[in-house]
Amino acid sequence: MELISKIILLLLIISGLSQESFAFNKKIDSLQKELKKTKNDSIIWSIYLKMGDHYESFNPDSAYFFYHKSLNIALNKKLKKQEATSLLYIGFVFEDKGNFDKAIAYYSTALKIYEKINDRVGKSRCYNNLGV
């Protein structure tokens, strides 16, 4: 009887994981379709940031890739608030990977931009991640 209970539990776990994976893939597919349809730089920036968010917890290298793409758009289009946000999110990746010196450097750079544009919410997010 105990063996049957363990098998059922294992099947439930596998089923839950595959459903979660399906939902994740569906969301990424949806974002990629949206990316192909738009020409608006702010929307493209936002999509790359969302894609990075989806990868951050289990694949930080992919998250970094998408966050860096968002940063490049912000830099090329001179979108200061988006630039700071992208830098902040790249800092999250380095913090997740245990590279605290790089995380602090990204948070500090983002903070300088948020201060320059007087974005109080952005500044508070940086201060929070810097531990101030």
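# Helix packing, question by question

Modeller: The crossing of α3 and α4 is left-handed; the term applies when the near helix is turned anticlockwise from the far one by less than a right angle, and right-handed is used if clockwise. This is a predicted model, in which local features need pLDDT of at least 70, side-chain atom pairs count only at pLDDT 80 or more, and totals for chains, interfaces and linings use all residues. Residues are numbered from 1 along each chain as its sequence is written, and side-chain values use heavy atoms, with hydrogens and water left out.

Biologist: What makes up the chain, helices or strands?

Modeller: The chain has 6 helices and 0 strands, and its elements run α-α-α-α-α-α from the N terminus. Helices here are DSSP runs of H or I with at least four residues, strands runs of E with at least two, numbered from the N terminus.

Biologist: What makes α3 roughly antiparallel to α4?

Modeller: The axes of α3 (residues 60-77) and α4 (residues 80-96) cross at roughly 165° and come within 8 Å. The axes are lines fitted to C-alpha atoms over the stretch in contact, with angles from 0 to 180 degrees between N-to-C directions. Angles over 145 degrees count as roughly antiparallel, under 35 as roughly parallel, 65 to 115 as roughly perpendicular and the rest as oblique. The angle of roughly 165° therefore makes α3 roughly antiparallel to α4.

Biologist: Which residues of α3 and α4 meet?

Modeller: Among them are Y64, Y67, H68 and L71 in α3, and Q82, E83, L87 and I90 in α4; contact means heavy atoms within 4.5 Å. By class, the contact of α3 with α4 has 12 nonpolar, 4 polar and 1 charged residues. Ala, Val, Leu, Ile, Met, Phe, Trp, Tyr, Cys and Pro count as nonpolar, Asp, Glu, Lys and Arg as charged, and the others, Gly among them, as polar.

Biologist: Why is α2 called roughly parallel to α4?

Modeller: The axes of α2 (residues 41-56) and α4 cross at roughly 10° and come within 11 Å. That angle makes α2 roughly parallel to α4. The crossing of α2 and α4 is left-handed. Residues that meet include W45, L49 and D53 in α2, and T85, Y89 and F92 in α4. The residues of this contact divide into 5 nonpolar, 4 polar and 3 charged.

Biologist: How do you know that T85 is buried?

Modeller: T85 lies in helix α4. Buried means under 20% relative accessible area, exposed over 50%, and partly exposed in between, with a 1.4 Å probe and protein chains only. T85 has 10%, so T85 is buried. Leaving aside neighbours within four places in sequence, T85 is in contact with W45, L49 and Y114. Of the 132 residues of the chain, 35% count as buried.

Biologist: Why does I104 count as partly exposed?

Modeller: I104, in helix α5, counts as partly exposed because its relative accessibility is 42%. I104 and N129 are 25 residues apart in sequence and 8.1 Å apart in space, C-alpha to C-alpha.

Biologist: Which residues touch the most other members of the largest nonpolar core?

Modeller: Y48, Y67, L88 and A110 do, of the 31 residues in that core. A nonpolar core is a set of buried Ala, Val, Leu, Ile, Met, Phe, Trp, Tyr and Cys residues joined through side-chain atoms within 4.5 Å. The largest share of this core, 8 residues, comes from α4. Leaving aside neighbours within four places in sequence, L88 is in contact with Y107, A110, Y114, R125, C126 and N129.
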